[in-house]
Amino acid sequence: MKVAASSIYLGVVTEGTRRHDPADPTLPLDPDEEAAWRALARAVIVVPRVLDADLNEGAGLNLAEYIALVSLSEAPGRAMRMNELATLTDLTRSGLSRLIERLVRQGLVSREPFADDMRGRMAQLTEAGLRRLEQAYPYALASVRRNVMTHLASLDLPAFAQAVGSFAPDDDYAPVRRTARP
C-alpha cells in the first residue's frame with residue numbers, strides 16, 4: 001500500500017496521543033478516509049480542467065464562460081449583478097470584468113447599469129448568447145457524462161449528492177468562510 005509522506009508525518013506526530021473519539025478533528029484519517037479525501041481533492045482539480053478542454057474543443061468556450069452563460073440564462077430576466085456573477089463563477093471582480101468584456105465583444109452578453117442604484121453593473125445574456133449556450137450544451141453534457149457520471153453509475157446518487165451537498169452547499173456558491181485556527 002502506498003502511503004503519502006504527509007500521512008506518515010501525521011501518524012508519527014499523533015502516535016501515542018491518538019484518542020479513539022471519531023468526533024475529534026485531530027484524529028488521523030484511516031486508510032479509507034485518506035483515499036476518499038485524496039480522490040476528492042484530485043477530482044476538484046482534474047474535472048474542471050477536463051470539462052474546460054472539452055468545451056474549448058467542441059464549442060469554443062472555456063468553462064468560466066460557459067458557467068457565466070448558464071448562470072445568466074437561469075437568472076430572472078437573464079440578467080445578474082456583476083458581483084453575484086463573480087461569486088457563481090468563482091472569479092475575482094477583475095477576472096469577471098475581463099470575461100464579460102470578451103463575451104460583450106462576441107455579442108453574447110451586454111453590460112448595463114443596475115437600475116436601482118446606477119453604480120452597480122448588470123450582465124445580461126443576449127439572444128446570441130442564449131443560442132451559443134444552446135450550441136455548447138451538448139458538449140458540456142457529453143463531457144460530464146463521460147468524465148463524471150459514468151464513474152458514479154454504481155453509487156447511490158441521491159446519497160452521494162446529499163453527502164457532497166453537506167460540505168459544499170448550493171447556497172449561491174457562498175464565499176469561503178474563513179475561521180480562526182485553533
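Helices (H or I, at least four residues) and strands (E, at least two) are DSSP runs, numbered from the N terminus. The views below come from a predicted model, in which local features need pLDDT of at least 70 and side-chain atom pairs count only at pLDDT 80 or more, while totals for chains, interfaces and linings use all residues. Residues are numbered from 1 along each chain as its sequence is written, and side-chain values use heavy atoms, leaving out hydrogens and water.

**View 1. Helix H3 (residues 63-74) packs against helix H5 (residues 93-105).** Their axes lie 11 Å apart at an angle of about 75°. Here, axes are lines fitted to C-alpha atoms, for helices over the stretch in contact, and angles run from 0 to 180 degrees between N-to-C directions. H3 and H5 are therefore roughly perpendicular to each other (the range for this word is 65 to 115 degrees). On the H3 side, the contact (heavy atoms within 4.5 Å) is made by Ala-64, Glu-65, Ala-68 and Leu-69, and on the H5 side by Leu-99, Arg-102 and Leu-103.

**View 2. Helix H4 (residues 82-89) also packs against H5.** This time the angle is about 100° and the axes are 9 Å apart, which makes H4 roughly perpendicular to H5. Look for Met-82, Asn-83, Leu-85, Ala-86 and Thr-89 of H4, which meet Arg-93, Leu-96, Ser-97 and Ile-100 of H5.

**View 3. Three strands form an open sheet in the order E1-E3-E2, with antiparallel pairing.** Two strands pair if DSSP finds at least two bridges between them. Strand E1 (79-81) and strand E2 (109-113) are the edge strands, each pairing on one side only. E1 is joined to strand E3 (residues 121-125) by 3 bridges, and Arg-81 has Met-122 in E3 as its bridge partner. H5 lies across E2 and E3, at about 120° to E2.

**View 4. The largest nonpolar core has 27 residues.** Such a core is a set of buried Ala, Val, Leu, Ile, Met, Phe, Trp, Tyr and Cys residues joined through side-chain atoms within 4.5 Å, where buried means under 20% relative accessible area (1.4 Å probe, protein chains only). Leu-69, Leu-85, Ile-100, Leu-103 and Val-109 have the most contacts inside this core. H3 gives the most to the core, with 5 residues. Leaving aside neighbours within four places in sequence, Ile-100 is in contact with Met-82, Leu-85, Val-109, Arg-111 and Ala-123.

Conventions:
Angles under 35 degrees count as roughly parallel, over 145 as roughly antiparallel, 65 to 115 as roughly perpendicular and the rest as oblique. Buried means under 20% relative accessible area, exposed over 50%, partly exposed in between (1.4 Å probe, protein chains only).
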